[in-house]
Protein chains: 2
Amino acid sequence: MNKPITIKEIARDLGVSFSTVSKSLNDSSEISEKTKKKVKEYAALRGYTPNQIALSLKNSATYTIGVIIPDIQNSFFASVLKNIEIHAKSYGYRIVTFFTNEKLKEEEESLKILSKGLVDGLIVCPSDETFKKKKFDHFNAIKNMNTPVLVFDRVDENLEFDSVSVDDYKSIISALDYLYEKGARSIVLASAIPDVSVGKKRKEAFEKFIKDNPEVEGIVLESDDNPVLQKMLLEVVETKKVDAMLGVDIESTSLANSVVAMLGKNYKEEISLIGYVNKQFNRLQYPRVSYINQYPEKIGQIAVDMIVDKIKIGNSNLLNKEVIETTLSIKDTSL
Amino acid sequence: MNKPITIKEIARDLGVSFSTVSKSLNDSSEISEKTKKKVKEYAALRGYTPNQIALSLKNSATYTIGVIIPDIQNSFFASVLKNIEIHAKSYGYRIVTFFTNEKLKEEEESLKILSKGLVDGLIVCPSDETFKKKKFDHFNAIKNMNTPVLVFDRVDENLEFDSVSVDDYKSIISALDYLYEKGARSIVLASAIPDVSVGKKRKEAFEKFIKDNPEVEGIVLESDDNPVLQKMLLEVVETKKVDAMLGVDIESTSLANSVVAMLGKNYKEEISLIGYVNKQFNRLQYPRVSYINQYPEKIGQIAVDMIVDKIKIGNSNLLNKEVIETTLSIKDTSL
DNA sequence: TTGTAGGCGTTATCAT
DNA sequence: ATGATAACGCCTACAA
């Protein structure tokens with residue numbers, strides 16, 4: 001129940017000046033070994049630890065990275081966040097986290113709060129609604145401040161910041177190549193993020209592939225309303241001969257997965273499934289779902305590397321856009 | 001790239017003293033409307049926002065709650081964290097989050113960092129390894145500080161703090177009653193958390209039930225090594241006539257679920273499954289898994305309520321131990 | 001109605 | 001070798 005002890009109190013108790021205490025604790029060569037020892041011992045005894053807030057003020061550095069994420073229940077974001085935290089820790093940074101729950105208003109709020117000098121840098125993935133309403137003013141507002149910002153995953157031309165993301169085009173094409181190779185000629189693209197940048201890009205890649213391969217029938221099913229998308233999927237798989245499905249996000253992939261299970265279809269023989277899910281997703285699944293590995297560990301790590309760099313070097317106007325190569329991880333759902 | 005503007009600069013630019021600026025911005029009645037207006041307009045123009053770090057130092061309050069969680073990839077913790085954040089926000093608190101990845105050392109580190117005046121209160125769920133090694137000194141160390149601490153989920157006699165948790169005994173018994181009612185006479189208890197307080201308590205409740213109902217065969221399978229536990233489950237379900245399985249945590253439940261799928265067993269006819277999973281878990285599953293609802297939303301909310309209370313009222317020595325009643329949510333896996 | 005001084009906990013600079 | 005002072009940005013008595 002005791003308040004944390006301060007340098008001043010140590011000084012008072014020891015009958016020395018507080019600058020002597022400060023210097024002793026920082027091992028200054030100006031102070032005699034004897035005094036240093038005395039001070040250090042007493043400080044240890046009293047459990048002294050420097051107040052980080054005071055240090056932050058003094059150094060105008062918080063050693064904190066702000067992280068804004070749409071949805072922590074989404075295992076992709078959970079995995080990225082985990083790795084951001086791990087990596088930030090290794091640089092001596094803490095993270096303060098805000099979840100927007102895919103809402104624009106919460107994103108604006110979060111950005112506003114974090115721009116009050118609370119963090120040295122910001123790692124953000126914009127919300128669904130931000131894209132839907134095409135509102136980016138709150139991002140532009142922070143561009144004029146000296147807080148470096150990095151966007152991950154959902155990069156967009158409207159967001160002129162450093163970024164880390166995966167190669168949407170390549171990843172879709174390689175998945176489709178694989179499915180084509182295996183004989184799929186009727187392929188469903190399922191998306192629960194029709195408005196989000198990556199959702200759009202993945203759809204474009206899909207459409208390009210279909211255009212380039214006219215013998216393939218491409219069916220695009222999109223809705224950010226889960227029950228609606230599920231109904232669409234059920235109907236298509238029931239009434240058409242669908243060889244394969246490709247989910248561009250976790251939601252749509254797990255819906256596709258459920259639909260297959262509900263209809264009692266057989267993965268290896270009747271229908272294939274590939275999705276933008278991850279290892280964690282598969283820990284809870286059987287059979288395992290084939291997925292496009294976006295390497296969330298890498299995303300988290302690179303995001304931290306880049307933001308720490310910007311924090312230290314200072315905000316330059318050159319934009320650094322990192323793109324991660326995905327790989328296809330084939331499981332029992334797609335052979 | 002401009003540094004954030006300060007009160008001093010506004011004062012200089014406007015040719016008034018900085019206390020006039022401060023008072024104007026805080027709408028003090030001491031200042032004339034005219035001056036206030038002038039100051040406010042200029043502040044708005046320059047995008048002034050008070051530096052939170054300075055405010056924290058001044059008020060010796062950080063408006064931040066520290067959260068220490070074993071594993072963000074665990075959807076139970078993800079859900080609790082989400083609700084902690086939502087609720088903290090509503091009180092005007094931010095959260096700074098540390099993940100221990102079930103490691104004692106990381107927990108010690110996190111606790112140490114957060115006790116340097118960075119947070120006004122702390123919400124913690126101890127790691128697996130903490131229980132395994134029975135090391136609680138780092139918790140005792142923080143008891144002597146004036147930072148209120150609240151433990152959720154994994155409460156333990158060694159942790160003398162406020163707490164929020166579910167009723168382990170009741171929840172296990174009601175699940176077993178249900179299964180018994182449905183005719184199960186051979187029941188497996190699966191646990192991936194044999195060392196953790198809640199794992200132990202749930203096992204004890206199970207054993208009590210078996211003792212009270214000698215006609216029921218109870219089989220306890222425990223291991224914190226997933227492949228090992230899976231092997232045990234596979235073997236038992238293959239070789240014995242098991243009517244039902246009860247998972248005391250997400251890992252064990254999803255392993256049990258996988259085993260059923262692997263063996264091609266039928267849920268409604270051959271085997272039942274109930275686990276400590278949650279709604280989110282089922283969003284990715286088909287068929288849905290019956291679960292003991294621990295109400296992570298409530299846990300998050302009550303945790304914040306209690307810690308904010310302690311922060312405001314001050315740390316009393318009366319311990320407040322909140323216990324949440326679970327409910328059984330029956331799905332297609334257990335009819 | 002406005003301005004001055006002190007303090008939150010530190011460190012760094014400049015005396016003594 | 002030690003101590004006093006200023007500064008980080010802010011707020012709030014208290015003076016003027």
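Entry 1, the interface. I began with the area buried between chain B and chain A, which comes to about 5200 Å² in this predicted model, and I noted that carbon and sulfur atoms give 58% of that area. The contact draws on 55 residues from chain B and 55 residues from chain A. I then looked up the salt bridges between chain B and chain A and found a count of four. A:E251 forms a salt bridge with B:R283, and I wrote down 2.8 Å for the separation of the closest N and O atoms.

Taken over all chains, the count comes to 48 salt bridges. I picked out the one in which the side chains of A:E33 and A:K36 meet, with 3.5 Å from N to O. Because A:E33 and A:K36 are three residues apart in helix 3 (residues 33-45) of chain A, about one helical turn separates them.

I looked up how helix 1 (residues 7-14) of chain B packs on helix 3 (residues 33-45) of chain B, and recorded an angle of about 120 degrees with the axes 11 Å apart. Helix 1 of chain B is therefore oblique to helix 3 of chain B, and the crossing of these two helices is right-handed. From helix 1 of chain B the contact is made by B:I10, B:D13 and B:L14, and from helix 3 of chain B by B:K38, B:V39, B:Y42 and B:A43. Sorted by class, the residues of this contact are five nonpolar, no polar and two charged.

I listed B:T20, B:V21, B:S24 and B:L25 on the side of helix 2 of chain B, and B:T35, B:K36, B:V39, B:K40 and B:A43 on the side of helix 3 of chain B. This contact has four nonpolar, three polar and two charged residues.

For helix 9 (residues 168-181) of chain B and helix 10 (residues 197-212) of chain B I noted an angle of about 40 degrees and axes 9 Å apart, so the two helices are oblique to each other. Helix 9 of chain B passes helix 10 of chain B in a right-handed crossing. Among the residues that meet here are B:I172, B:I173 and B:L176 in helix 9 of chain B and B:A205, B:F206 and B:F209 in helix 10 of chain B. The whole contact divides into nine nonpolar, no polar and five charged residues.

I found a cis peptide bond joining A:Y286 and A:P287, with omega about 0 degrees, and placed A:P287 in the loop between helix 13 (279-283) and strand 10 (290-293) of chain A. In chain B, the peptide bond from B:Y286 to B:P287 is cis, with omega near 0 degrees, and B:P287 lies in the loop between helix 13 (279-283) and strand 10 (290-293) of chain B. Lastly, I noted that A:S60 has a positive phi of about 35 degrees although it is not a glycine; A:S60 sits in the loop between helix 4 (52-59) and strand 1 (64-69) of chain A.

Definitions and conventions. Residues numbered from 1 in each chain as written. Chains lettered and ligands numbered in written order. Predicted model: local features only at pLDDT ≥ 70, side-chain atom pairs only at ≥ 80, totals over all residues. Heavy atoms only, no water. Axes fitted to C-alpha atoms, helices over the stretch in contact; angles between N-to-C directions. Helix = DSSP H or I, 4+ residues; strand = E, 2+ residues; numbered from the N terminus. Parallel < 35°, antiparallel > 145°, perpendicular 65-115°, else oblique. Left-handed = near helix turned anticlockwise from the far one by under 90°. Contact = heavy atoms within 4.5 Å. Nonpolar A, V, L, I, M, F, W, Y, C, P; charged D, E, K, R; others polar. Buried area = accessible area lost by both parts, 1.4 Å probe.
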